[in-house]
Amino acid sequence: MTDKRATEDDVVAELHDGMTLGIGGWGSRRKPMSVVRAIARSDLSDLTVVSCGGPDVGLLCAAGKVAKVVFAFVSLDSIPLEPHFRAAVESRRIATVQHDEGTFYLGLQAAAWRVPFLPTRIGLGSDLFRAHPGLRTIRSPYDDGEELVAAPAIVLDAAIVHVNRGDQRGNGQFLSVDPYMDDLMLRAATKRFMSVEQIVGTEDFLAEGPVESLRLPRHLTDAVVEAPYGAHFTSCAPDYERDEAFQRQYAASAKSPEAWDAFRAKYVDLPNHAAYLAQVGLS
Amino acid sequence: MSDFSRAEVCVVACADAFRGDGEIVANPIGTIPMLGGRLARATFEPDLLLTDGEALFISNDLPIGVPDAPKVIEAWNPYRMMLEITWSGCRHVMMGATQIDRFGNQNIASIGPLDAPKVQMLGFRGAPGNTINDPTSYWVPNHSPKVFVEHVDVVTGIGYDRAGKLGSQAARFHRIPRVVSNLGTFDFETPAHTMRLRSVHPGVTVDEVVAATGFELQIPDGVPESRAPNAEELLLIRDVLDPNDMRTKEFPG
């Protein structure tokens, strides 16, 4: 039986410069922040980040790890605009490839199904074609002859998601209501990493939630990291809600290079996740 | 006599945008539109489906800004299912707009040139997919020439000129039923589908709307006043749907 337990640093050791990296969650919700911080303090560079973006995108931009962001939105939810992401785009430090949420979904689905695109009406007539220069249309080969958008596959070199429960073999369980794109990201990726709030025995999953919550069978994951409060400061319902006060502190760290340096020294450049939990008073 | 607020007029105007929709998913985004959708269902559109703002359809008159309010859950609706609903054509969304032009082109992505934005905003979100697949209305709480512009910087949601160029087949599901702002209501029921002033909110003049709009609006003779909330609606808004007065917090005055 394969034991897939690993640490954040083990995950980082599997990544390399220039990779296309999918990050699960949605806005400031259920983001694998313990792994994101480990990437931020690593010597990785030139990453392409694919995300329903939140502070994962902002933090990695601020840490200088990102060459390109592939996104339909980047938001902190209760703070609509992500200040570090804004700064990176407006100073032209990073490139962007923009999507509609639907072409983002279809692109991951296409990659998961190993087809080059999926057809849709999404994008017709809009400036998505300017914001995503690789976007093409395709004419239906059937009698309708309709011209549609060919939403291109979003193929990921690696994906990282954070869910509520997992076991040491790499099965994962969502207790939160919305899986977002997490399962699709794992299916669209070559290397698949999952952090979880808690590792439980396989036989204990159904005491945690219904069978329908077991949406990540272990063939979708290569490693599982146990990270209590691993999504902090984003939400990980029902285990915990977003830490709004901390999020405001994070957002304020975009106000000046000095503010970011101070935030980074205090909360990012730490030996490990346990040290972070001690720093934010959660251990 | 005015024993209702501008915010309450806007709630009713948003509710009226969903009038006649029947058993579809109404997806109003933002405090005032969400109150409007819930008010519409509590009164004249009882079959609308509405979310709790996240991944559940709720059948009760859920108040906004009351985190622990009991929910009667009708169905599970994670984001991916909402996108599929959009593509299947049974949804009417009311989005915001940082910029909107006379044809109803909307921008929520960025201000300035697309390749060198002065202000990076949210991104395209679901706007291209919403506007090509389903009726899409807009809510603008800060009507000004900076929002109602001659040309939007980035077309996220497509307007009638873009839809027209796509042709009647590709754009057959495109429709912008209503724009509601803090000053009035607007539609595109004109020969060239350019924006028309449909009504002015009580206390607002046509000249004020014209001055706050950066393009030439179609102004019919005798623009009516926006519908005032009736007693039942005021009771529902104040006592049931928004007991903590979130509407005034979002939108004073």
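**A chat about the two chains**

Modeller: Let's begin in chain A, where strand 6 (residues 117–120) and strand 8 (residues 147–152) run antiparallel and are joined by 4 bridges. Do keep in mind that this is a predicted model.

Biologist: Okay! Which residue does A:L118 stand opposite in strand 8 of chain A?

Modeller: A:L118 stands opposite A:A151.

Biologist: And how many bridges join strand 7 of chain A to strand 8?

Modeller: There are 4 bridges between strand 7 (residues 136–139) and strand 8 of chain A, and these two strands run antiparallel. One pair to look for is A:R139 with its bridge partner A:E147 in strand 8.

Biologist: Let's hop over to chain B. In what order do the 6 strands of its open sheet come?

Modeller: The order is 1-4-9-10-11-12, with mixed pairing. Strand 1 (25–28) and strand 12 (196–200) of chain B stand at the edges with a single partner strand each, so each has one side without a neighbour in the sheet.

Biologist: By how many degrees are neighbouring strands turned against each other?

Modeller: On average by 15°, with direction ignored.

Biologist: In what sense do strand 9 and strand 10 of chain B pair?

Modeller: Strand 9 (residues 136–140) and strand 10 (residues 179–181) of chain B pair in the parallel sense, over 3 bridges. Within that pairing, B:Y138 stands opposite B:V179.

Biologist: Which helix packs on the sheet?

Modeller: That's helix 1 (residues 6–17) of chain B, which touches strands including strand 1, strand 4 (91–96) and strand 11 (184–187). Its direction makes about 175° with that of strand 10 of chain B.

Biologist: New topic: how many residues of chain B are in contact with chain A?

Modeller: On chain B there are 36, in contact with 36 residues of chain A. Helix 3 (79–88), helix 4 (127–133) and helix 5 of chain B are the elements that give two or more residues to that side.

Biologist: Which of them gives the largest share?

Modeller: Helix 5 of chain B does, with 6 residues.

Biologist: And how do the residues on that side of chain B divide into nonpolar, polar and charged?

Modeller: They split into 23 nonpolar, 7 polar and 6 charged.

Biologist: Back to helix 5 of chain B, then. Which of its residues are buried?

Modeller: In helix 5 (residues 160–170), B:Y160, B:R162 and B:A163 are buried. Seen down the helix axis, the buried residues of helix 5 of chain B fall within an arc of 115°, so they line one face.

Biologist: What about the other side of helix 5, which residues are exposed there?

Modeller: On that other side of helix 5 of chain B, B:K165 and B:G167 are exposed.

Conventions. Residues numbered from 1 in each chain as written. Chains lettered and ligands numbered in written order. Predicted model: local features only at pLDDT ≥ 70, side-chain atom pairs only at ≥ 80, totals over all residues. Buried ≥ 20, exposed ≤ 12 C-beta atoms within 10 Å, placed from the backbone. Arc of directions from axis to C-beta. Pairing = 2+ DSSP bridges. Axes fitted to C-alpha atoms, helices over the stretch in contact; angles between N-to-C directions. Contact = placed C-beta atoms within 7 Å. Nonpolar A, V, L, I, M, F, W, Y, C, P; charged D, E, K, R; others polar.
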